[in-house]
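Subject: Structure for your files

Hello,

Here is the structure I said I would pass on. My notes on what was found in it follow below.

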Amino acid sequence: MTKERTELATPYLSGLLEFWLTKSVAGRPPVPSSIAPADLRPWKDNIAVFEVIGEESGTFVYSYYGRALAAAFGQSRLGATLDDLPPEQRALLQPEYETVRRERLPVARVHTAVFGGRTRSFERLVLPMSSDGVSIDKLLVAAYEMTPRELAARPPMHSPAPG
């Protein structure tokens, strides 16, 4: 999602984006303390939360990892960092997360790959959060496996230009 609004194919992600927008103030990402764990209950199994440690090239540490994600990907990543991921996965996620930090805007995309021996597609949404209103110190990431109907009906996705 760049400056223009991109429609999400997965209804749960649309709801999470709407929730995030209600917590954003004056065009700034939400303050993590403004979101209670109970607020995230509808999405809790499909979200991961990253703490961003360090300013320039931050380290992304999983501080929450939902049950559905652990089941889909075969393990929980709680406490791990992006550096602990396989190189090809890290090469995909690191630039995406850095873009969200730099641009302070959500990013959505569909990722198709072989997971657990079969090809599966997940729609992902990465949402920035800022404790001080300036630096992005948390990322809320949600992923939902797409049904064949959602895949067929999805509008084209826009992603930020690499930079």
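In which sense do β1 and β5 pair, and over how many bridges? The two strands pair in the antiparallel sense, over five bridges. Before the details, please keep in mind that this is a predicted model.

Overall layout

The protein has four helices and five strands. Read from the N terminus, the elements run α-β-β-α-α-β-β-β-α. The protein has 163 residues, and 45% of them count as buried. Of the contacts between residues at least 6 apart in sequence, 52% join residues at least 24 apart.

The strands

β1 has two partners described here. Against β5, Ile47 stands opposite Ala142, and Phe50 stands opposite Leu139. β1 is also joined to β2 by six bridges, and these two strands run antiparallel. On that side, the bridge partner of Phe50 is Tyr62 in β2. Phe50 therefore has a residue opposite it in β5 and a bridge partner in β2, and β1 is largely enclosed by the rest of the structure because five of its seven residues are buried.

β5 also pairs with β4, in the antiparallel sense and over eight bridges. Within that pairing, Arg124 stands opposite Ala143 in β5. Seven of the eight residues of β5 are buried, so this strand is largely enclosed by the rest of the structure.

Salt bridges

Side chains of opposite charge can pair when their charged atoms come close. A search of the whole structure finds seven salt bridges; these are some of them.

- Lys138 and Glu51 meet through their side chains at 2.4 Å, N to O. This pair links distant parts of the chain, with Lys138 in strand β5 (residues 138–145) and Glu51 in strand β1 (residues 47–53), 87 residues apart. Glu51 is partly exposed, at 24% relative accessibility.
- Glu145 forms a salt bridge with Arg118, with 3.7 Å between the closest N and O atoms. Here too the pair links distant parts of the chain: Glu145 is in β5 and Arg118 is in strand β4 (residues 118–129), 27 residues apart. Both count as partly exposed, Glu145 at 33% relative accessibility and Arg118 at 46%.
- Lys44 forms a salt bridge with Asp45, and their closest N and O atoms are 3.4 Å apart. Lys44 is partly exposed, with a relative accessible area of 32%, and Asp45 is partly exposed at 27%.
- Glu96, Arg109 and Arg124 are linked in a network of salt bridges. Arg124 is also the residue that stands opposite Ala143 in β5.

Helix α1

Helix α1 covers residues 11–23. Its 13 residues reach 19 Å from the first C-alpha to the last, close to the 18 Å expected at 1.5 Å a residue.

Which residues of α1 are buried? They are Leu13, Leu16, Leu17, Phe19 and Trp20. Seen down the axis of α1, these buried residues fall within an arc of 160 degrees, so they line one face of the helix. An α-helix has 3.6 residues a turn, so residues three or four places apart point the same way. The face of α1 turned away from the buried side carries the exposed residues Pro11 and Thr22. What covers the buried residues of α1 includes β1, β4 and β5.

The nonpolar cores

The largest nonpolar core has 23 residues, and the members that touch the most others are Phe50, Phe60, Tyr62, Leu82, Tyr97 and Leu139. The elements giving two or more residues to this core are β1, β2 (59–65), α2 (67–73), α3 (87–103), β3 (107–115), β4 and β5. Leaving out residues up to four places away in sequence, Leu82 touches Phe50, Phe60, Tyr62, Arg90, Leu93, Gln94 and Tyr97.

Regards

Notes. Residues are numbered from 1 along each chain as its sequence is written. This is a predicted model: local features need pLDDT of at least 70, side-chain atom pairs count only at pLDDT 80 or more; totals for chains, interfaces and linings use all residues. Side-chain values use heavy atoms; hydrogens and water are left out. A salt bridge is a side-chain nitrogen of Lys or Arg within 4 Å of a carboxyl oxygen of Asp or Glu. Buried means under 20% relative accessible area, exposed over 50%, partly exposed in between (1.4 Å probe, protein chains only). Two strands pair if DSSP finds at least two bridges between them. The expected span of a helix is 1.5 Å times one less than its number of residues. The arc is that of the directions from the helix axis to the C-beta atoms. Contact means heavy atoms within 4.5 Å. A nonpolar core is a set of buried Ala, Val, Leu, Ile, Met, Phe, Trp, Tyr and Cys residues joined through side-chain atoms within 4.5 Å.
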